[in-house]
Amino acid sequence: MHARTMGQKLQLALRYAVLSALAIVFLIPFYLIVRNALMTDAQITSPHWQWFPLHPVWSNFHELFADKTAFMWVGLRNSAFIATTTLVLQMLFASMAGYALARIPSRASRTVFGSVLLTLMIPGAVTFVPTFALMAWVGGVNTLWGVIAPGLFSAFSIFLFRQFYLGFPSEIEEAGMMDGLGYAGIYWRLVLPNSKAVLMSLGVLAFVGTWNTFLWPLVVGQNPSSWTVQIVLSTFLTGQTIQLHELFAAALVAVLPLVVVFLFMQRYIVEGITFSGGKE
Amino acid sequence: MTSTTQTASKGKSLDRKRLSAELSFWAFVTPAIAGLVLFMAIPMVWGFLLSLSRAQNTIHFGHFIGLRNYTDLLSDPDFLNSLWTIFVFTLFIVPTTFLFSLWLAIAVHNIPRGKAFFRTVFFIPTAVSYAAASLIARMSFFSGQSNGFANHIIGLFGLAPIQWIGTASPPWYWLVLVSVRLWLQVGFYMIIFLAALQQIPRSLYEAAALDGASGGFTVFRYITLPQLRAATVSVLLLNLIAAFQAFDEFYNILGGSGSSSGNIGLARPPLVYIYNVALSSQDFGRGAAGGFIITFIIVAFTLVQGRLFGFGSAKEGR
């Protein structure tokens, strides 16, 4: 590398300064959640700003989970169940369909793929009202499966798996054919175990998306027993009286699992976004 | 004689192979396709029929009223206002997100040290839901009290607390709504740009240096930007479609508590309008019609954008 000139050094220093300032701003909301979650209401609303809780009020969390009107446990349990189920089944259905569209010769292949692309263009804005009607008709309102079901099928995931399997090495399948495996055996024993990276990437994105989604659970899960953690948070905001310390403790509990997932799975998430972003 | 029986049996086995492939194909695609039919195709058809029906307090169609729901909506000032609201929001959020995430990607890409750190910091808000981000913005960061974070900071400079969310003029709530969405999504789009930047061959820059293109902007304009075309189209498109369907932060930041309607009247986006009409007033016909109007607008804008920037396919990329 050539030596940097004075001007370049200055420019670089400036860039670091701006990036650092932005980084601090980006982290402030996280700081605020933690700060407020560990304070009493009086401390939060005190006119004298206190930067750090000197005596963290850990009992806020105890209070939150003991609060029968907050439904925090219910929300967390529902969200975990909904997001995990969606992750597993959406990946299974989409990888099966994607594999078939890419690798199993059929006369209907083009038509089916075309229809998948067509549904890809349907925005949620147009389907949520009639899907609610459908759910009301089959008795899915206020049930967990009613919240889960529409998210199990993603045209986008099918499309991405198809693109992935188009470039899948055919030697693996040929080896399976030699061993007398049918398509099901090849898919289950050879293709799936060799798709771990893409399953992880798209799976984490499906999990995160489902955990954070708001409109559909709000529409279909009106009873507290089917609330997700996002609905619990929103109810805090729209409730009659607002308990600030519980509210921020709830926000921390709702956000923390995903921040951990992001920090540990960042590589897969970035790959997933890159893979899907470049394909749009 | 022998040869004909051979070809016959060969043909038979080929037929059987084809049949088994055909059966396997359908076995593999049926779960996903059935789901898409159930939750995409059927709702589209049902929604369309609902939108042509008087479906008040009923989820069934049948009381045909033609385009009444559509004409009613388009003459309802509340609905027109919601269209205007989302139009302004989109017009603002799409370019700012685009420029901000592109700038972040280039800045992070071109620093010698700390790339991973900055990437993680800007990306991590993507993990947060709109509901949680709205909560922080409304109750802490942009709280109208003097103990809100923003008010505390401007207070250090001797400024009086501002009602960030509750007042119509000046419309500070736009700043809140835009900040929340920017915070949540620029990291995501930055990742897309970063990936694209990494794929630009170094030789292009070396060739440009040989040709004497030195100034940073010239290189950016004639090399970096054209190479980012596919990523740009993808970012603009994803962003536009998401912006038109904004719901979560409007609902949670401006929505009322208890029986009051809060500040949602300041800026009610179409999806909140549709939600209220369908779920609160139980007018499913009108709600469904609203969904089709929004979809029509999204499709129209997507096509216009496609015309302007291309759809990012390999052919158009050249």
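Predicted model: local features only at pLDDT ≥ 70, side-chain atom pairs only at ≥ 80, totals over all residues.
Across the interface of chain B and chain A the rule finds zero salt bridges, although it does find 12 residue pairs in polar contact, with both residues of a pair at pLDDT 80 or more.

Each chain can also be read as a set of domains. The domain assignment of chain B gives domain 1 (1-51) and domain 2 (73-317), whereas the assignment of chain A gives domain 1 (6-62) and domain 2 (66-277). The table sets out the values for the two domain pairs.

| Domain pair | Distance between C-alpha centres | Buried area | Share from carbon and sulfur atoms |
|---|---|---|---|
| Domain 1 and domain 2 of chain B | 42 Å | about 390 Å² | 85% |
| Domain 1 and domain 2 of chain A | 33 Å | about 990 Å² | 76% |

How many residues does each domain of chain B bring to the contact between them? The contact takes five residues from domain 1 of chain B and five residues from domain 2 of chain B. Three residues, B:M44, B:L50 and B:S51, supply 75% of the area that domain 1 of chain B buries against domain 2 of chain B, which is more than any other three residues supply. The side of domain 1 of chain B that touches domain 2 of chain B divides into three nonpolar and two polar residues, with no charged ones. Between these two domains of chain B the count of salt bridges is zero, and the rule also finds zero residue pairs in polar contact there, where both residues would have to be at pLDDT 80 or more.

In chain A, the contact takes 12 residues from domain 1 and 11 residues from domain 2. Here A:I33, A:D41 and A:F61 supply 43% of the area that domain 1 of chain A buries against domain 2 of chain A, again more than any other three residues. Helix 1 (6-37), helix 2 (41-45) and helix 3 (59-66) of chain A each supply at least two residues of the side of domain 1 that touches domain 2, and helix 1 of chain A gives the most, with five residues. By class, this side of domain 1 of chain A has seven nonpolar, four polar and one charged residues.

B:T90 lies in helix 3 of chain B (residues 77-109). Is B:T90 buried or exposed? B:T90 counts as buried because its relative accessibility is 5%, and the cut-off for buried is under 20%. Leaving aside residues up to four places away in sequence, B:T90 touches B:P95, B:L240, B:A243 and B:F244.

Conventions:
Residues numbered from 1 in each chain as written. Chains lettered and ligands numbered in written order. Heavy atoms only, no water. Salt bridge = Lys/Arg side-chain N within 4 Å of Asp/Glu carboxyl O. Polar contact = N/O pair within 3.5 Å; in protein donor to acceptor, adjacent residues only side chain to side chain. Domains from an automatic or database assignment. Contact = heavy atoms within 4.5 Å. Buried area = accessible area lost by both parts, 1.4 Å probe. Nonpolar A, V, L, I, M, F, W, Y, C, P; charged D, E, K, R; others polar. Helix = DSSP H or I, 4+ residues; strand = E, 2+ residues; numbered from the N terminus. Buried < 20%, exposed > 50% of the residue type's maximum accessible area, 1.4 Å probe, protein only.
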